[in-house]
Amino acid sequence: MKNPKNFPVIFALIAALALSGCSAVAPTADQTDSAKPSSSSSTAPSSSASATPTESRLKDLTVDMAMSASIPSVCGFPAGKLSKGVLQKKHPQYSNASVPNIPSKKLVVAGDLTGDGIKELAAVIYCDKGGVRWPSHIQLFENTAKGIAALGKPFQMSDVNGGARGILESLKFTKGQLEVTDRQLMPMDPAVQPTGRIKAALKWDVKKLVATAIQDLANPENGTLKTATVNGTWCQLSAQSKINSKKCLEINYPQLTQKGQDPQSLTYWVNNGFTELAYFGAPLGTIYTPGAKIKDPANPSAPTAQQDQYRLYNSQTQETYVRQGK
């Protein structure tokens, strides 16, 4: 039997060997951390590197921001900043003019009109030069790194309502467009007593607001006018199908202009599915879209439209116009 006195020495040697073996295969906490990339390493993007350009913009535009935003010149007033929705400046010529103002917070709406994923604001602005009322304006505001800023020039409601005066009824954002309800000045109406009523759809077209559709609310049977079918340059077509470039009409609904004549206000209605235009009670003609292969039962003498042309035909004068460039 071995000497029991040697057991403590043997146990000590075994323990030492065990400790040295562990240290060889198990790194310390410090060694483990040093073996991994640090949080400041280039493989882990910093918050500033991962930030998108939109993160530097405001999170949301609010109605209150519009009430203190800067606006371009409107109604002859100089550009300036609103205070509680009112421009604190006087008109340079007319002392009794109504200063540009946002008449109601209900007439300020938010939505993405430009398609960039960021909401803009649209606000109704009213002003005049004194005397009779003026049509309303719509001003857009965008979200920038420096804050709220005007987007484009003020849109004049007279471009779609024939010049009807006063503050429009409602403003909404729907399906990427603005929807406005307003009075409409009919051809024989006094400017301050419009008898019509419309709902118009407005979209952002690169640099400005434009009307895409106008619905006659006063006479629902008239339907909805798609402005893309009527706006443009229309030149007269001869019996030999030759275009007379010297006799043309410029239509930008609700206005018609012709060389050497004053601008005239248009009205429209739908008859048997065809759009008809008139000015001051006189018929201008019926619009036939490309591809129409049947004759209009309301105008049996109307020519059948060609596949690639819009035609405007007046059955009373037997005049035919074709639209250029579209």
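By class, 10 nonpolar, six polar and five charged residues make up the lining of the largest pocket in this predicted model. Here Ala, Val, Leu, Ile, Met, Phe, Trp, Tyr, Cys and Pro count as nonpolar, Asp, Glu, Lys and Arg as charged, and the others, Gly among them, as polar. A pocket is an open set of points on a 1 Å grid over the protein atoms alone where a 1.4 Å probe fits, with protein on both sides within 12 Å along at least five of seven lines; lining residues have an atom within 4 Å of a point. Local features need pLDDT of at least 70, and side-chain atom pairs count only at pLDDT 80 or more, whereas totals for chains, interfaces and linings use all residues. Residues are numbered from 1 along each chain as its sequence is written, and side-chain values use heavy atoms, without hydrogens and water.

The largest pocket holds about 480 Å³ of space, the volume being that filled by probe spheres set on grid points joined across faces, edges and corners. Of its 21 lining residues, Lys-208, Leu-209, Val-210, Ala-211 and Asn-252 lie nearest the centre. At least two lining residues come from each of β7 (147–156), α5 (158–161), β11 (208–216) and β14 (243–252); helices (H or I, at least four residues) and strands (E, at least two) are DSSP runs, numbered from the N terminus.

Strand β5 (residues 120–125) is largely enclosed by the rest of the structure, because six of its six residues are buried (under 20% relative accessible area, 1.4 Å probe, protein chains only). Glu-120, Ala-122 and Val-124 point one way from β5, and Leu-121, Ala-123 and Ile-125 the other way.

Terms used: Buried means under 20% relative accessible area, exposed over 50%, partly exposed in between (1.4 Å probe, protein chains only).
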